[in-house]
Amino acid sequence: MNIHAIGQNMLYGKVGHFFIIVAFVTSLAACLSYLFATLNREKQVQSFAWINFARKLFILHAVAVVGIVAMLLLVIHQHYFEYKYVWEHTSRSLPTYYQFSAMWSGQEGSTLLWMFWHAVLGVVLIFKAREWESPVLTIVALAQVMLGSMLLGIYIFHYKLGSSPFALMRDTMDIPVFKMNPDWVAEDGTGLNPSLQNYWMVIHPPTLFLGFAACTVPAAFAIASLWVREYKTWVKAVLPWSLFALMILGTGILMGGAWAYEALSFGGFWAWDPVENASLVPWLLLAAAIHVLMAYKHSGYSLHATYIFFIGCFLLILYSSFLTKSGILGDASVHSFTDLGMSGQLIACIVVFLVPSVILLILRIKQNEIPSKPEEEKLSSREFWLFIGSLIFVFAAMHIIVITSFPVINKIFHTKFAPPSDIKSHYNNIQIWMAALVALGAACTQFFKYKNSNVNVVFKRLAIAFVAAILISLAFIIPFKLYRVDYVLLMVFSVFAILSNTQFIFQVLKGNIKLSGGSISHIGFAVMLVGILISQGKQEVLSINQFGIDYGKGFTTKESAENVLLYQNEPINMSNYRVTYLGDSFTTRNIYFNVRYDELDKKGNIVNTFTLHPNILMNSKMGNNPVPSTLKTLSSDLYTHITATPLKDDGSQSDSIVQETYTVKLGDTIPASRCIVVLDEIDPDAPIKGFQKQPKDIAIGAKLKFISLDTSYYIEPVYLVHEVVATSIPARVEKNNVSFSIIKILPEENKMQILVEQKLNKFIIMKAIKFPFINILWLGCFIMVFEYC
């Protein structure tokens with residue numbers, strides 16, 4: 001790290017820290033003011049005065065949060081590396097548009113982003129919440145208090161409260177240079193994590209954190225309802241907020257999948273990573289909450305479950321933040337942060353909302369205040385099946401979160417639970433059944449009426465769609481050989497959901513798009529399931545290691561089997577393609593590997609040619625990051641990424657020298673680069689070109705039959721003993737950059753040791769996967785997002 005003496009830009013940090021204090025104090029004051037307004041609801045004049053005061057405080061709080069964002073963006077853009085956050089997450093070479101990614105790439109920045117969206121939604125609530133403003137904003141403002149405390153970075157009784165993004169390096173890093181001169185500043189930063197240097201990371205985190213913030217609002221309405229003992233009017237108010245939260249959070253999760261598919265090298269869009277799971281689980285619980293909310297709105301059933309699911313969704317958002325930010329996941333997730341010592345605050349944040357919510361819920365249940373109906377829902381009613389569908393969502397969520405929480409469970413109870421070795425298969429094998437049941441529910445439930453339905457009429461309406469679904473499904477099941485029972489059921493039920501919801505829109509709703517939101521979202525969800533099943537269930541790894549090459553310690557047996565070695569300009573066949581590594585090219589930040597694919601017909605004729613450019617994003621400080629390249633067509637995606645290649649410090653490929661020693665006897669085979677060599681004969685008096693042997697000299701030659709793809713001939717390394725000095729005279733094959741030397745004679749065993757030294761051409765080890773009809777998946781995602789919009 002080069003450093004030089006310059007003046008430090010302290011003003012911006014001081015202003016930013018001032019805004020942090022203002023944001024914290026005003027959120028606390030707004031929370032207390034709204035609290036007093038709620039406690040004095042019966043005294044309208046006094047309550048209104050508190051509300052007016054609270055509004056001004058919250059708006060001032062929102063302005064302060066915007067000020068924090070502005071100051072942080074300013075110090076990032078100006079490359080003020082005296083600030084630790086700027087030094088850790090940016091560099092001078094970082095493009096401007098990725099400076100936004102850098103802002104929320106660290107713990108402090110992501111917390112600030114969460115606060116920003118809370119502030120925006122809080123201001124909207126001031127104008128939209130009406131009679132629910134004071135109790136709901138009390139909860140939202142309290143959330144801001146807890147988040148704001150995580151940015152303070154101050155010590156209270158030797159305990160550090162939060163971590164400020166405006167902390168100076170000299171105040172937080174104990175390195176010798178600051179002892180010599182505290183005004184010295186780093187010349188450049190560490191840089192942004194290479195995997196985050198992708199356009200999706202400019203828009204994915206803001207969308208995801210808007211979803212997190214939006215989930216606070218339905219929970220705030222639920223807690224407020226229990227608090228003020230108003231159990232009916234909140235339903236109408238909370239419904240649009242809950243649908244908005246479901247849409248935004250779902251869109252954020254889908255964007256994360258798209259980022260993983262384009263930027264990461266695990267080969268797919270979902271790896272069941274713990275942090276991915278932690279964002280999916282709240283969405284599942286929110287979906288469950290919305291369905292039981294609809295049941296309560298139309299039938300009066302399931303209000304208890306509605307409270308539990310809305311509040312539980314918010315608590316799981318807080319818990320996911322704990323998993324991500326506490327460092328407890330360790331190496332279990334590629335997305336988690338290191339521990340900044342705020343685990344206590346993160347736990348306190350959960351407790352602050354968990355304890356009052358549980359107390360309120362238990363009290364209202366004991367007081368028998370929460371409306372409920374004495375009789376059970378009828379089996380033929382829509383509300384019954386909505387509740388069953390919600391339970392499926394909850395079961396799926398609990399399965400995911402329990403396994404994801406193994407590190408937490410082990411920490412608390414000193415156990416040694418470990419996730420299944422093949423975690424992706426484990427999740428897939430369980431969750432596919434959940435998805436199939438949800439698809440079946442999405443297909444049938446809307447045809448039931450609230451309170452009671454004529455089951456015969458429902459079955460008659462659905463019969464044609466079900467039979468058609470079976471026939472259409474066969475058109476996918478047979479060609480793609482989806483013969484597993486769970487695959488068959490998921491395909492049939494998903495197609496059934498598409499057809500039945502389309503039928504519902506035109507038969508029951510008479511084509512009224514404004515009333516068709518639920519049906520359209522069900523169609524999009526079912527289309528997405530079909531895309532997932534085909535693209536993931538029948539993905540084809542093309543890069544099969546046909547020669548069983550062992551790539552070394554960095555590869556598992558499975559990884560070695562699914563990666564292929566390509567030497568420059570030496571084509572190999574992969575499935576119905578002839579693939580050639582053509583070489584590489586450079587930019588200032590990337591090294592691109594040009595891989596040509598020649599598509600072959602059954603006779604071996606070339607029918608199509610294209611070149612993919614998988615690349616490596618270079619970062620000498622944080623490590624290089626492989627970036628896939630994908631050929632996208634209507635019928636499939638061909639995904640290619642570099643798994644390994646020898647690189648020098650400047651990013652260019654290094655020449656690789658490989659040495660292996662073989663102990664062989666007559667007839668043994670010696671492997672070498674793109675050839676094999678057989679020890680055919682031992683010559684006890686081998687000639688040596690350009691050397692006059694003496695009578696006492698010993699010259700033993702090994703006649704090696706050299707066999708390559710296009711020719712074969714003999715070469716002869718010699719073991720010479722001249723004047724008691726042993727010398728090995730190698731035989732070189734320049735074309736193949738390989739040489740053979742006799743290094744030891746073993747006369748008692750009739751063997752000799754031969755050293756093979758190979759200078760390998762430029763090469764890459766790469767993986768290629770074909771995802772059939774993955775566009776069906778993206779189409780389903782688009783339909784879901786479009787419906788919400």
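Helix 11 passes helix 12 in a left-handed crossing, a term that applies when the near helix is turned anticlockwise from the far one by less than a right angle, right-handed being the clockwise case. Helices here are DSSP runs of H or I with at least four residues, numbered from the N terminus. The model is a predicted one, in which local features need pLDDT of at least 70 and side-chain atom pairs count only at pLDDT 80 or more, while totals for chains, interfaces and linings use all residues. Residues are numbered from 1 along each chain as its sequence is written, and side-chain values use heavy atoms, with hydrogens and water left out.

The axes of helix 11 (residues 274–299) and helix 12 (residues 303–325) come within 8 Å and cross at roughly 170°; axes are lines fitted to C-alpha atoms over the stretch in contact, and angles run from 0 to 180 degrees between N-to-C directions. Helix 11 is therefore roughly antiparallel to helix 12 (angles under 35 degrees count as roughly parallel, over 145 as roughly antiparallel, 65 to 115 as roughly perpendicular and the rest as oblique). Ala, Val, Leu, Ile, Met, Phe, Trp, Tyr, Cys and Pro count as nonpolar, Asp, Glu, Lys and Arg as charged, and the others, Gly among them, as polar.

A second pair has another geometry. The axes of helix 6 (residues 133–149) and helix 9 (residues 200–228) come within 8 Å and cross at roughly 130°, so helix 6 and helix 9 are oblique to each other. Helix 6 passes helix 9 in a right-handed crossing. Among the residues that meet are Pro 135 and Ile 139 in helix 6, and Phe 221 and Trp 227 in helix 9. This contact has 11 nonpolar, two polar and no charged residues.

The cysteines come next. The whole structure contains zero disulfides (pairs of cysteine sulfur atoms within 2.5 Å). For Cys 31, the nearest cysteine sulfur belongs to Cys 349, 12 Å away. Cys 31 is buried, with a relative accessible area of 8% (buried means under 20%, exposed over 50%, partly exposed in between, with a 1.4 Å probe and protein chains only). Cys 444 is also buried, at 16% relative accessibility.

Finally, Val 177 lies in helix 8 (residues 176–180) and is buried at 15% relative accessibility. Its C-alpha atom is separated by 49 Å from that of Ala 561, 384 residues apart along the chain.

Definitions and conventions. Helix = DSSP H or I, 4+ residues; strand = E, 2+ residues; numbered from the N terminus. Contact = heavy atoms within 4.5 Å.
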